[in-house]
Amino acid sequence: LSLYLSVSEETVYKAINRDFSLGLDDTYSQREKVSVIPQKEGKRLFRKEEESEPWDIRYTSRKWGIWKIDREFWYDGGGISVKTLNLFNVLPATHYWLRNSKTEVGFIASEESPTYIYLPDKSLDIKGYKRKVYNPFKQEGKWHNSLPNTACLALHTLPTYGDTLLIQTSLKDTMTCFELFKDEDIWNVDLFSESKFLSNELFLTLQRRFKRIIIFGDNDSTGIRQATQFSQENGIKYTHFPVEYDEKDPYGMVRSKGQDFTKRLILKLINELK
């Protein structure tokens, strides 16, 4: 009711108490909450600096394609189909909440400022409401992530054994390259973040499963620095798009130059490492 009527939960509580003559305490004594706002505001509504309790992330999903931005952003932008989004457990949302035992922060998505939820695959055995929220058009609050920093969301899409594994810096780039190399023995996996490499246990397992592993970093200064560091620490090669290109990652390159051009360029870059 609070969400539907765009009023606070306290207002709803008091109205029900009054209209049904329940005679309850008129004090709204449940945990501190705030009403939900359109996420285009780009703000957290409630914050306590001293809190260190991790957030749970709840959401309300919707069907793909109800908003035209779905196709524009994913398929027209990166060549990523709904089938692939479903395979990688990505869902569109109408609302999401960040919640712990004391506080709840809510946001409403819109076609102008959509929200997408990255869910961990069941095979990862991650307990609780641990997800990743992606708000692609927001500057502040683009990401909310409650997943453990060892989470690798694309792991379930990999074959038991393969030739080449590209380590991408995001799930969006992983899905972009999944579409590019469907007919190749080239696979892709995501990092938790650009600055966090795969766990040592997972990396050693992947080394036994793939003939070669290559880090595909962004072509900006941060991406090159991190890829260089990961390469040196783990004894594997890395590559990235030439710095003269404005697009720093596979998704951006597909959006700018198309799938055929991007595929040929990536193949050229990784084959030069042999």
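Ring pairs join W64, F73, W74, Y116, Y118, Y134, F137, W143 and Y251 into a cluster. Keep in mind that this is a predicted model, so local features need pLDDT of at least 70 and side-chain atom pairs count only at pLDDT 80 or more, while totals for chains, interfaces and linings use all residues. Residues are numbered from 1 along each chain as its sequence is written, and side-chain values use heavy atoms, with hydrogens and water left out.

**Aromatic pairs**

- Rings of Phe, Tyr and Trp (its six-membered ring) pair if their centres lie within 6.5 Å; planes under 30 degrees apart are stacked, over 60 edge-to-face, and the rest tilted.
- By this rule the count comes to 17 aromatic pairs.
- F73 and Y116 make a stacked pair, at 6.4 Å centre to centre with 10° between the planes.
- F73 sits in helix α3 (residues 69-78) and Y116 in strand β5 (residues 115-118), so this pair ties together parts 43 residues apart in sequence. (Helices, H or I with at least four residues, and strands, E with at least two, are DSSP runs numbered from the N terminus.)
- F73 is buried at 9% relative accessibility, and Y116 is buried too, at 0%. (Buried means under 20% relative accessible area, exposed over 50%, and partly exposed in between, with a 1.4 Å probe and protein chains only.)
- Y118 and W143 have ring centres 5.9 Å apart and planes at 70°, so they're edge-to-face.
- Y118 belongs to strand β5 and W143 to strand β7 (residues 143-145), so here the linked parts are 25 residues apart in sequence.
- Y118 is buried at 1%, whereas W143 is partly exposed at 37%.

**Charges over rings**

- The charged end of K132 sits over the ring of W143, 4.5 Å from its centre. (That takes NZ of Lys or CZ of Arg within 6 Å of the ring centre and within 35 degrees of the ring normal.)
- K138 has its charged end over the ring of F107, 4.8 Å from the centre.

**The largest pocket**

- A pocket is an open set of points on a 1 Å grid over the protein atoms alone, where a 1.4 Å probe fits, with protein on both sides within 12 Å along at least five of seven lines; lining residues have an atom within 4 Å of a point.
- The largest pocket holds about 500 Å³ of space.
- Of its 22 lining residues, Y134, W143, K172, K248 and D249 are the closest to its centre.
- α8 gives the largest share of the lining, three residues.

Key:
Grid points are joined across faces, edges and corners, and a volume is the space filled by probe spheres set on the points.
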